[in-house]
Amino acid sequence: MDCVQHIDSAKVNEGDKKDVELQNQRDKFIEGQRLLILTNEQPWKPWKRSRSWVKDFLVRVRCVMGSLMGMEWYCFAALGILTAFLSFLMDLSVAKLLRAHQWLYSQLEGHCLLQFLCWTLYPVSLSALSTSFSQSICPFSAGSGVPEVRTILSGVDMPHYLSLTNLFAKYVGLICTLAAGSTVFLGKVGPFVHLSTMVGAYLNQLCTVLRGEKEERTEGAMLVVAAAVGVASCFGAPISGVLFSVEVMSSHFALKDYCPCFFAAACGALTFHLLSMWSGEQETLQALFQTSFSEDLPFYPLEILVFAILGLLCGAGSCVYLFCHRWILLFIKTNKILIKVLSTEKALYSAMVVFLLASVTFPLSAGQYMASKLTIKQLLSSLLDSRQWTSQSHNASVVLQPNLCPWSEWIPSGNPYLTLGFFLFMKLWMLVLACTLPLPAGYFMPVFIYGAAIGRLFGEGLAFVSLNGVYLDQDRNPINPGGYALAGAAAFSGAVTHTLSPALLALELTGQSTHAAPILLATLVANALARSGQRPSFYDALSISKKLPHLPSLLKVCPRLSSVPIGKVLGPGGPVLERTAGPTEVQQVLNTCSQTQIPVVDTLDSRILLGSINRSDLQTFLCHNHNKVLKKQLVDMCSIRPVSVQLSPDTTVQEAHGVLSVLCGESLFVTERGRLSGVVTWPEMKRMMADLADDL
């Protein structure tokens, strides 16, 4: 009997052991499933061994590439190559759509009414499609995008303007806008800078993942580089792209971004030229608008004064253009009918405006005196021609061959002065009106061409006055109107944007280094006249009209803002911690704010600032006190970092903005006699600038 009981007890013990083992296996399985869920790995994925091998291979490749140079440099190169590919693909699509319009118009020759409908309805349909598509996908895709990017680079967070939907909507909408041709007379530079920054924002996230960082770094450097790449990928001009990024995009350009800007811009420009060469558009790597100016004696020394006069003329013209632009923006913001139409029927507004512009430029009416058949590129190429149109207009055989000589479109009546003057008069108000269209569009290239027309008219008039030549030592050297057109383009566009980068862009676009000195002189003179009186630039006017929190633009229209003390507009102080705070107070602060640096004071009554503590240190403090019965205070476990830079309530908003930008900090503490008065963060700075913009 005892043996039987012993055997039964042994069986029971063995059963208990099996149950324990099964329970352990179940616990291990549940723990394994929990770990899989936490690591976002799904056990049902196929080809585990293959995926593991690919993952190991990619890790080794990353290690090898990282040993050669930092991963961010590969992202800079990828940014330039990818942006250039997008630019080339856009140009290719636009060229096909423009050729389709020209073919359809030529097939209807002899039917005036059908040609008029073809000429007007084609750009009207594309513009309406661009507006409706971009507005329905992402309302932030309309316009240039440069003012918004400048605001982002100044430190203000605007995530919607760098989203993937905005990238898609702006790219497709811009293709439709450019396909409308010279009828709408809009370009691609500004929107493409915006597109480049959106690509740069996503590459910055990819670079963060490749580096294996847990916390994302600031994307400011990548966006500054992307702004330079945007210009370089449009024209194949890397140097002027970097200068554009320095002048227009950055309030404070850091020298550490200098080499990355040139590297990425060079990659983008080289890729753009290679794609153009492989597609057959260019025979070799050359300037986009190659000119044939004389290099023996391109201009006489006395002509330097004439180029300075041209700069004054372009500066005065830019003041007129900027005044009209600011007036139309104010009119649209205040007119009740236009406000209602633009809030509900944006596509209808675009269709109506484009129909008006297309009707005016119809080639069988007023358009024949505006060279309306030429595309944007053909307009610039014809204006930069080195031959004198006044002498060529007497040659009937040349006039009868417009396909071989695009500049012959400028002399339909044998008088280029009439055509150029009419072009300048009409395009002034047409360009100002086109700037109000709610679709993706750029405004730099039209302004550049308008300045080239001013310089061409000036050069042709000078050639006529000097009897088609300047004589010195019995040698005849004819005036080169193309050189004046190039100087006028750089001077007028530089005066409108308040920059000098168009002077360098003109040289890189044409490869004409012989006119470097007169072009720079004309641009400097035009800028001096345009900047006088604290006039806002074109981009500043857009920022003011949209009420963007961009302080440099606000200071242009209201200089008194530079003396506004920060204590006057500073909001209520955020959460603070006492040095004796416990886990409850720390947990409450972490739940109520998102700042990375939390100020620590002696007591809440005295508010004497002792320093700051990082958010990660506070989380570590909570974890350490989670399982302990004896709760410790904040000062016992965390080191309080002293604050090296403090602001006074009398510090101006402009000074605080400059310190925040230069230090690349996330927060600054405002103290008065050691007492904490408030915290200035980028969201707080955005709120203050928005309030200042509303008061204008």
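Visitor: Over residues 299-324, how far apart are the end C-alpha atoms?
Guide: Keep in mind that this is a predicted model. Residues 299-324 are one of the stretches that the unreviewed UniProt entry annotates as "transmembrane region". The chain there is 85% helix and 0% strand. From end to end, the C-alpha atoms are apart by 35 Å.

Visitor: And what's the end C-alpha distance over residues 221-246?
Guide: That stretch also carries the "transmembrane region" label in the UniProt record. It's 92% helix and 0% strand.

Visitor: Are H18 and H19 parallel, antiparallel, perpendicular or oblique to each other?
Guide: Helix H18 (residues 444-465) and helix H19 (residues 481-497) have axes that come within 6 Å and cross at roughly 140°. Antiparallel would take an angle over 145, and perpendicular runs from 65 to 115. So the pair counts as oblique.

Visitor: Which hand does the crossing of H18 and H19 have, and how many charged residues are in the contact?
Guide: The crossing is right-handed. Sorted by class, the contact has 15 nonpolar and seven polar residues, and the charged ones number two.

Visitor: Which residue in E5 is the bridge partner of Val600?
Guide: Start with the open three-stranded sheet, ordered E3-E4-E5 with mixed pairing. Strand E4 (residues 597-601) runs antiparallel to E5, and five bridges join them. For Val600, the partner in E5 is Gly611.

Visitor: What angle does helix H26 make with E5?
Guide: H26 (residues 615-624) packs on the sheet and touches E3, E4 and E5. Its direction and that of E5 make an angle of about 80°.

Definitions and conventions:
Residues numbered from 1 in each chain as written. Predicted model: local features only at pLDDT ≥ 70, side-chain atom pairs only at ≥ 80, totals over all residues. Heavy atoms only, no water. Pairing = 2+ DSSP bridges. Helix = DSSP H or I, 4+ residues; strand = E, 2+ residues; numbered from the N terminus. Contact = heavy atoms within 4.5 Å. Axes fitted to C-alpha atoms, helices over the stretch in contact; angles between N-to-C directions. Parallel < 35°, antiparallel > 145°, perpendicular 65-115°, else oblique. Left-handed = near helix turned anticlockwise from the far one by under 90°. Nonpolar A, V, L, I, M, F, W, Y, C, P; charged D, E, K, R; others polar. UniProt positions renumbered as here; feature names shortened; annotations may be inferred.
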